[in-house]
Amino acid sequence: MAGRKRKTTALTETAAAAAAAAPVKAGSQHRKWTARTVPPAKLKKPQCSSNDQSIETETSCYFTKNGPQHKMGADFFRQPCISLAKALLGKVLARRCADGTELRGRIVETEAYLGGEDKASHSAGGKRTARNTAMFMTAGTIYVYPIYGIYLCMNISSEGEGAAVLLRSLESLQGQPTMRQLRAARRKEGARPLKDKELCNGPSKLCQALDILRCFDRRDLASDAQVWLERDPDAHPTQPGDVVSASRIGVDSHGEWAKKPLRFYLRSHPCVSVVDREAERVCLEMK
């Protein structure tokens, strides 16, 4: 038995050495990014569960430079509401699902709600309720609220009592196939396929596309592990003529506050939800 044991050990060591010396076949090395194509007929409704293997991933070289150093910290959010609404333009909203899938979209349109003085704000008159508590919390707190009983909107609190910024539109950057599935789950069967620019071009659409949930309300965007904000390392600084100031959408019943130019968007961007030609003309004249 001892002789056989020594012989077996020698053979094992010889095989291990041969395996270590063998050349690695092309394509077997580890890659940072992969994209797995799944036929449309086999795509399933995403559940963001650890067992979901049907979700297609889509990545870009843009994300090779992205990491913790590009996440926006608490200091970024500590600025007045209008200032934050403009500063958010060009930043990237990131969302990590339970199965590790990451979705990203660049913010291209926002609306500022100034708190107590703002008649169109949920916190008008300084009124604080269970629903709008997040608006009164530390700058960078996520405020998610339902509209029409079925859709959600995402806001970010700023400096100022009861002030917050509504995210109105994103440009999809990463995870478009998953976003398309998430959007399709809320659309009528047989509806036409969505173009990439239509995935996140509205406050409720972006919440659907990035799977922003009601339970995200009151979370800290600067420290949350499932949703956060990033700096785009390749983005060019916005110039005065790049940012359009226009009236907000859906607040017509609030008198003079309905006309105040508290909506901000990147001029000529195809993902903007509502274009204001007159506001863009004024913007260009001031450039």
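**Note on buried charges, strand pairing and ring contacts**

1. Arg 104 has a relative accessible area of 6% and is therefore buried (under 20% relative accessible area; exposed is over 50% and partly exposed in between, with a 1.4 Å probe and protein chains only). The model is a predicted one, in which local features need pLDDT of at least 70 and side-chain atom pairs count only at pLDDT 80 or more, while totals for chains, interfaces and linings use all residues. Residues are numbered from 1 along each chain as its sequence is written, and side-chain values use heavy atoms, with hydrogens and water left out.

2. The side chain of Arg 104 meets that of Glu 102 in a salt bridge, at 2.8 Å from N to O (a side-chain nitrogen of Lys or Arg within 4 Å of a carboxyl oxygen of Asp or Glu). The structure holds 19 salt bridges, among them one between Arg 219 and Asp 224, whose closest N and O atoms are 3.5 Å apart. In that pair Arg 219 is partly exposed because its relative accessible area is 23%, whereas Asp 224 is buried because its value is 14%. Through salt bridges that share partners, Arg 96, Glu 102, Arg 104 and Glu 230 are joined into one network.

3. A further salt bridge links Arg 106 with Asp 232, and here the closest N and O atoms are 2.6 Å apart. Arg 106 belongs to strand 2 and Asp 232 to the loop between strand 6 and strand 7 (243-246), so the pair ties together parts that are 126 residues apart in sequence (strands are DSSP runs of E, at least two residues, and helices are runs of H or I, at least four, numbered from the N terminus). Arg 106 counts as buried because its relative accessibility is 17%, and Asp 232 is likewise buried, with a relative accessible area of 7%.

4. Strand 1 (residues 92-96) is mostly covered, with 4 of its 5 residues buried. Strand 1 pairs with strand 2 (residues 102-113) in the antiparallel sense over 5 bridges, and with strand 6 (residues 227-230), again in the antiparallel sense, over 4 bridges (pairing requires at least two DSSP bridges between the strands). Ala 94 illustrates both pairings: its bridge partner in strand 2 is Arg 104, and its bridge partner in strand 6 is Trp 228. Strand 1 and strand 2 form a hairpin with 5 residues between them, and Gly 100, in the turn, has a positive phi of about 95°.

5. Thr 110 also lies in strand 2, and Thr 110 is buried because its relative accessible area is 0%. When its neighbours within four places in sequence are left aside, Thr 110 is in contact with residues including Ala 85, Leu 88, Leu 89, Val 165, Arg 168, Leu 262 and Phe 264 (contact means heavy atoms within 4.5 Å).

6. Helix 4 (residues 176-184) is mostly covered, as 7 of its 9 residues are buried. The buried set consists of Gln 176, Pro 177, Thr 178, Met 179, Gln 181, Leu 182 and Arg 183. These buried residues of helix 4 pack against strand 2, strand 5 (164-174) and helix 5 (203-209).

7. The count of aromatic pairs comes to 2 (rings of Phe, Tyr and Trp, the last by its six-membered ring, with centres within 6.5 Å; planes under 30 degrees apart are stacked, over 60 edge-to-face and the rest tilted). Phe 76 and Phe 77 form an edge-to-face pair, at 5.2 Å centre to centre and with 80° between the planes. Phe 76 counts as buried because its relative accessibility is 14%, and Phe 77 counts as buried because its relative accessibility is 0%. Tyr 143 and Tyr 145 form a tilted pair, at 5.2 Å centre to centre and with 40° between the planes, and both Tyr 143 and Tyr 145 are buried.

8. Charged side chains also lie over rings (NZ of Lys or CZ of Arg within 6 Å of the ring centre and within 35 degrees of the ring normal). Arg 248 lies over the face of Tyr 113, at 4.5 Å from the ring centre, and the charged end of Lys 260 sits over the ring of Trp 257, at 4.8 Å from its centre.
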